[in-house]
Amino acid sequence: MDAKKIGSFLKTLRKEKGLTQEQLAEILYVSGRTVSRWETGTSMPELGILIQMAEFYDVELNEILDGERKGDIMNQELQETLYKVADYNKLEKEKAVKAGNLAFGLTFFVCAAAIMIQLIVMGTLPIVLGETVTLLTGGIAYIGMMVHNGVWETGTRFKSTPFKDILISVACACVFTAALVLSYIRLGANTVQTVRIAIIFFAGTAAFGFVLLRILAFCNQKRREKLK
(Lines give C-alpha, C1' and ligand atoms only; values in the text may rest on other atoms or scores of the structure.)
Protein backbone atom coordinates (compact mmCIF):
# COMPACT_ATOMS: atom_id res chain seq x y z
CA MET A 1 0.00 0.00 0.00
CA ASP A 2 1.12 3.53 -0.78
CA ALA A 3 0.45 5.56 2.37
CA LYS A 4 0.94 8.90 0.62
CA LYS A 5 -1.43 7.92 -2.19
CA ILE A 6 -4.04 6.81 0.33
CA GLY A 7 -3.57 10.06 2.27
CA SER A 8 -4.02 12.12 -0.88
CA PHE A 9 -7.20 10.20 -1.71
CA LEU A 10 -8.55 10.74 1.81
CA LYS A 11 -7.85 14.45 1.42
CA THR A 12 -9.74 14.50 -1.87
CA LEU A 13 -12.71 12.71 -0.35
CA ARG A 14 -12.79 15.14 2.57
CA LYS A 15 -12.73 18.16 0.28
CA GLU A 16 -15.51 16.68 -1.84
CA LYS A 17 -17.61 16.65 1.31
CA GLY A 18 -16.70 20.29 1.93
CA LEU A 19 -15.18 19.55 5.32
CA THR A 20 -12.13 20.96 7.07
CA GLN A 21 -9.73 18.66 8.88
CA GLU A 22 -11.11 19.87 12.20
CA GLN A 23 -14.71 19.15 11.17
CA LEU A 24 -13.82 15.63 10.04
CA ALA A 25 -11.88 15.11 13.26
CA GLU A 26 -15.00 15.95 15.29
CA ILE A 27 -17.06 13.46 13.28
CA LEU A 28 -14.52 10.66 13.80
CA TYR A 29 -13.69 11.69 17.40
CA VAL A 30 -10.00 12.18 16.73
CA SER A 31 -7.77 15.27 16.70
CA GLY A 32 -7.24 17.55 13.71
CA ARG A 33 -3.55 16.66 13.88
CA THR A 34 -4.43 12.99 13.46
CA VAL A 35 -6.43 13.73 10.30
CA SER A 36 -3.52 15.78 8.98
CA ARG A 37 -1.13 12.86 9.56
CA TRP A 38 -3.46 10.54 7.67
CA GLU A 39 -3.68 12.87 4.69
CA THR A 40 0.07 13.37 4.47
CA GLY A 41 0.68 9.63 4.67
CA THR A 42 2.57 9.92 7.95
CA SER A 43 0.23 7.43 9.61
CA MET A 44 -2.74 5.27 8.71
CA PRO A 45 -6.19 5.12 10.34
CA GLU A 46 -7.14 1.99 12.25
CA LEU A 47 -9.20 -0.57 10.34
CA GLY A 48 -12.37 0.29 12.23
CA ILE A 49 -11.98 3.97 11.32
CA LEU A 50 -11.23 3.08 7.68
CA ILE A 51 -14.51 1.18 7.50
CA GLN A 52 -16.31 4.12 9.09
CA MET A 53 -14.72 6.51 6.57
CA ALA A 54 -15.66 4.26 3.64
CA GLU A 55 -19.29 4.35 4.75
CA PHE A 56 -19.17 8.09 5.38
CA TYR A 57 -17.64 8.89 1.98
CA ASP A 58 -19.78 6.23 0.25
CA VAL A 59 -16.82 4.49 -1.34
CA GLU A 60 -15.54 0.92 -1.17
CA LEU A 61 -12.89 0.06 1.37
CA ASN A 62 -10.61 -1.35 -1.31
CA GLU A 63 -10.77 2.00 -3.09
CA ILE A 64 -9.41 3.73 0.00
CA LEU A 65 -6.70 1.10 0.39
CA ASP A 66 -5.75 1.52 -3.27
CA GLY A 67 -5.92 5.30 -3.02
CA GLU A 68 -8.23 5.73 -6.02
CA ARG A 69 -11.75 5.10 -7.25
CA LYS A 70 -12.22 1.92 -9.23
CA GLY A 71 -15.99 1.79 -9.58
CA ASP A 72 -16.13 -1.97 -8.93
CA ILE A 73 -17.96 -3.60 -6.04
CA MET A 74 -15.87 -5.21 -3.36
CA ASN A 75 -16.17 -8.93 -2.99
CA GLN A 76 -18.83 -9.60 -0.34
CA GLU A 77 -16.82 -12.28 1.44
CA LEU A 78 -13.82 -9.96 1.73
CA GLN A 79 -16.07 -7.20 3.04
CA GLU A 80 -17.48 -9.51 5.71
CA THR A 81 -13.99 -10.71 6.61
CA LEU A 82 -12.80 -7.16 7.17
CA TYR A 83 -15.79 -6.42 9.37
CA LYS A 84 -14.99 -9.52 11.41
CA VAL A 85 -11.39 -8.38 11.74
CA ALA A 86 -12.62 -4.99 12.95
CA ASP A 87 -14.89 -6.71 15.48
CA TYR A 88 -12.00 -8.91 16.59
CA ASN A 89 -9.80 -5.86 17.13
CA LYS A 90 -12.57 -4.30 19.20
CA LEU A 91 -12.85 -7.48 21.29
CA GLU A 92 -9.11 -7.50 21.91
CA LYS A 93 -9.24 -3.88 23.05
CA GLU A 94 -12.10 -4.71 25.41
CA LYS A 95 -10.04 -7.56 26.89
CA ALA A 96 -7.14 -5.18 27.44
CA VAL A 97 -9.45 -2.67 29.12
CA LYS A 98 -10.92 -5.42 31.30
CA ALA A 99 -7.44 -6.47 32.41
CA GLY A 100 -6.54 -2.86 33.15
CA ASN A 101 -9.72 -2.30 35.16
CA LEU A 102 -9.13 -5.51 37.11
CA ALA A 103 -5.53 -4.56 37.90
CA PHE A 104 -6.60 -1.08 38.93
CA GLY A 105 -9.43 -2.42 41.10
CA LEU A 106 -7.19 -4.89 42.93
CA THR A 107 -4.48 -2.30 43.49
CA PHE A 108 -6.98 0.29 44.67
CA PHE A 109 -8.69 -2.00 47.17
CA VAL A 110 -5.41 -3.40 48.50
CA CYS A 111 -4.17 0.16 49.10
CA ALA A 112 -7.50 1.15 50.66
CA ALA A 113 -7.36 -1.88 52.95
CA ALA A 114 -3.82 -0.99 53.98
CA ILE A 115 -4.89 2.56 54.81
CA MET A 116 -7.83 1.33 56.91
CA ILE A 117 -5.60 -1.12 58.78
CA GLN A 118 -3.18 1.70 59.57
CA LEU A 119 -6.09 3.86 60.69
CA ILE A 120 -7.38 1.15 63.02
CA VAL A 121 -3.97 0.20 64.44
CA MET A 122 -2.55 3.72 64.80
CA GLY A 123 -5.84 5.32 65.79
CA THR A 124 -5.00 8.65 64.16
CA LEU A 125 -6.25 10.28 60.97
CA PRO A 126 -3.29 12.54 60.03
CA ILE A 127 -0.95 9.56 59.59
CA VAL A 128 -3.00 8.19 56.65
CA LEU A 129 -4.18 11.50 55.21
CA GLY A 130 -1.38 11.79 52.64
CA GLU A 131 -1.82 8.19 51.48
CA THR A 132 -5.57 8.65 51.19
CA VAL A 133 -5.24 11.80 49.08
CA THR A 134 -2.70 10.10 46.80
CA LEU A 135 -4.93 7.04 46.38
CA LEU A 136 -8.02 9.10 45.61
CA THR A 137 -6.14 11.30 43.14
CA GLY A 138 -4.85 8.28 41.25
CA GLY A 139 -8.28 6.64 41.29
CA ILE A 140 -10.05 9.75 40.02
CA ALA A 141 -7.48 10.19 37.24
CA TYR A 142 -7.85 6.57 36.08
CA ILE A 143 -11.64 6.60 36.21
CA GLY A 144 -11.72 9.95 34.40
CA MET A 145 -9.57 8.54 31.61
CA MET A 146 -11.81 5.47 31.26
CA VAL A 147 -14.98 7.57 31.18
CA HIS A 148 -13.45 9.97 28.65
CA ASN A 149 -12.76 7.04 26.33
CA GLY A 150 -16.21 5.55 26.90
CA VAL A 151 -14.82 2.27 28.23
CA TRP A 152 -15.53 2.52 31.96
CA GLU A 153 -17.86 -0.52 31.81
CA THR A 154 -16.21 -2.20 28.83
CA GLY A 155 -15.13 -5.82 29.26
CA THR A 156 -17.07 -6.37 32.46
CA ARG A 157 -20.44 -7.90 33.33
CA PHE A 158 -21.14 -5.08 35.76
CA LYS A 159 -23.64 -2.60 34.38
CA SER A 160 -24.45 0.41 36.48
CA THR A 161 -28.05 0.75 37.67
CA PRO A 162 -29.49 2.91 40.46
CA PHE A 163 -30.13 -0.16 42.64
CA LYS A 164 -26.62 -1.56 42.19
CA ASP A 165 -25.11 1.86 42.82
CA ILE A 166 -27.05 2.13 46.10
CA LEU A 167 -25.81 -1.28 47.24
CA ILE A 168 -22.20 -0.46 46.39
CA SER A 169 -22.40 2.95 48.07
CA VAL A 170 -23.92 1.53 51.25
CA ALA A 171 -21.42 -1.35 51.38
CA CYS A 172 -18.43 0.97 50.99
CA ALA A 173 -19.87 3.44 53.50
CA CYS A 174 -20.28 0.60 56.04
CA VAL A 175 -16.66 -0.48 55.66
CA PHE A 176 -15.24 3.03 55.95
CA THR A 177 -17.55 3.89 58.85
CA ALA A 178 -16.48 0.79 60.74
CA ALA A 179 -12.83 1.75 60.31
CA LEU A 180 -13.59 5.29 61.51
CA VAL A 181 -15.49 4.05 64.56
CA LEU A 182 -12.64 1.75 65.59
CA SER A 183 -10.24 4.64 65.17
CA TYR A 184 -12.31 6.94 67.39
CA ILE A 185 -12.68 4.22 70.03
CA ARG A 186 -8.90 3.88 70.15
CA LEU A 187 -8.65 7.65 70.56
CA GLY A 188 -10.92 7.41 73.62
CA ALA A 189 -14.01 9.14 72.23
CA ASN A 190 -17.21 8.57 74.21
CA THR A 191 -20.02 6.40 72.85
CA VAL A 192 -22.51 9.19 72.11
CA GLN A 193 -19.93 11.24 70.22
CA THR A 194 -18.73 8.22 68.28
CA VAL A 195 -22.26 7.17 67.25
CA ARG A 196 -23.16 10.71 66.17
CA ILE A 197 -20.03 11.02 64.03
CA ALA A 198 -20.52 7.51 62.60
CA ILE A 199 -24.10 8.24 61.50
CA ILE A 200 -23.16 11.52 59.85
CA PHE A 201 -20.12 9.99 58.18
CA PHE A 202 -22.07 6.95 56.96
CA ALA A 203 -24.92 9.02 55.52
CA GLY A 204 -22.56 11.48 53.83
CA THR A 205 -20.29 8.78 52.39
CA ALA A 206 -23.19 6.68 51.08
CA ALA A 207 -24.87 9.70 49.47
CA PHE A 208 -21.63 10.94 47.94
CA GLY A 209 -20.78 7.47 46.59
CA PHE A 210 -24.22 7.03 45.02
CA VAL A 211 -24.17 10.44 43.34
CA LEU A 212 -20.64 9.84 42.07
CA LEU A 213 -21.53 6.44 40.58
CA ARG A 214 -24.62 7.88 38.89
CA ILE A 215 -22.58 10.71 37.37
CA LEU A 216 -19.96 8.25 36.13
CA ALA A 217 -22.63 6.04 34.57
CA PHE A 218 -24.29 9.01 32.86
CA CYS A 219 -21.03 10.45 31.51
CA ASN A 220 -19.83 7.05 30.33
CA GLN A 221 -23.10 6.39 28.48
CA LYS A 222 -23.03 9.77 26.76
CA ARG A 223 -19.40 9.31 25.76
CA ARG A 224 -20.08 5.85 24.32
CA GLU A 225 -23.02 7.22 22.31
CA LYS A 226 -20.72 9.87 20.80
CA LEU A 227 -18.11 7.28 19.93
CA LYS A 228 -20.58 5.09 18.04
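Trainee: Which side chain does Glu68 meet in a salt bridge?

Mentor: The partner of Glu68 is Lys5, with N to O at 3.6 Å. A salt bridge here is a side-chain nitrogen of Lys or Arg within 4 Å of a carboxyl oxygen of Asp or Glu. The pair links distant parts of the chain, 63 residues apart: Lys5 is in helix α1 (residues 3–16), and Glu68 is in the loop between α5 (61–66) and α6 (76–122).

Trainee: What kind of model is this, and which pLDDT limits apply?

Mentor: It is a predicted model, in which local features need pLDDT of at least 70 and side-chain atom pairs count only at pLDDT 80 or more, while totals for chains, interfaces and linings use all residues. Residues are numbered from 1 along each chain as its sequence is written, and side-chain values use heavy atoms, with hydrogens and water left out.

Trainee: OK. How accessible is Glu68, and how accessible is Lys5?

Mentor: Glu68 is partly exposed, at 33% relative accessibility. Lys5 is also partly exposed, with a relative accessible area of 35%. The classes are buried for under 20% relative accessible area, exposed for over 50%, and partly exposed in between, using a 1.4 Å probe and protein chains only.

Trainee: How many salt bridges does the structure hold?

Mentor: Three. Arg14 forms one with Glu39, where the closest N and O atoms are 2.5 Å apart. Arg14 lies in helix α1 and Glu39 in helix α3 (residues 32–39), so this pair ties together parts that are 25 residues apart in sequence.

Trainee: Are Arg14 and Glu39 buried or exposed?

Mentor: Both are buried. There is also a salt bridge between Arg214 and Asp165, with the closest N and O atoms 2.8 Å apart. Arg214 is in helix α9 and Asp165 in helix α8 (residues 162–187), so placed 49 residues apart, and the pair links distant parts of the chain.

Trainee: Is Asp165 buried or exposed?

Mentor: Asp165 is buried, with a relative accessible area of 0%. Arg214 is partly exposed, at 25%.

Trainee: Stepping back, how many helices and strands does the protein have?

Mentor: Nine helices and zero strands. Helices are DSSP runs of H or I with at least four residues, strands are E runs of at least two, and both are numbered from the N terminus.

Trainee: What share of the residues is buried?

Mentor: 29% of the 228 residues count as buried. The protein exposes about 14300 Å², and carbon and sulfur atoms supply 66% of that. The areas come from the Shrake-Rupley method with a 1.4 Å probe, and for residues only the protein chains shown count as cover.

Trainee: On to the core. Which residues of the largest nonpolar core touch the most other members?

Mentor: Trp38, Met53 and Ile64, out of 21 residues. A nonpolar core is a set of buried Ala, Val, Leu, Ile, Met, Phe, Trp, Tyr and Cys residues joined through side-chain atoms within 4.5 Å. The helices α1, α2, α3, α4, α5 and α6 each supply at least two residues of this core, and α4 gives the most, with six.

Trainee: What is Trp38 in contact with?

Mentor: Leaving aside neighbours within four places in sequence, the contacts of Trp38 include Gly7, Leu10, Leu28, Ile49 and Met53. Contact means heavy atoms within 4.5 Å.

Trainee: Last one, helix α9. What does the side chain of Thr205 reach?

Mentor: The backbone oxygen of Phe201, at 2.7 Å. Thr205 lies in helix α9 (residues 191–227), and Phe201 is found in helix α9 too. Not counting residues up to four places away in sequence, Thr205 touches Ala173 and Phe176.

Conventions:
Polar contact = N/O pair within 3.5 Å; in protein donor to acceptor, adjacent residues only side chain to side chain.
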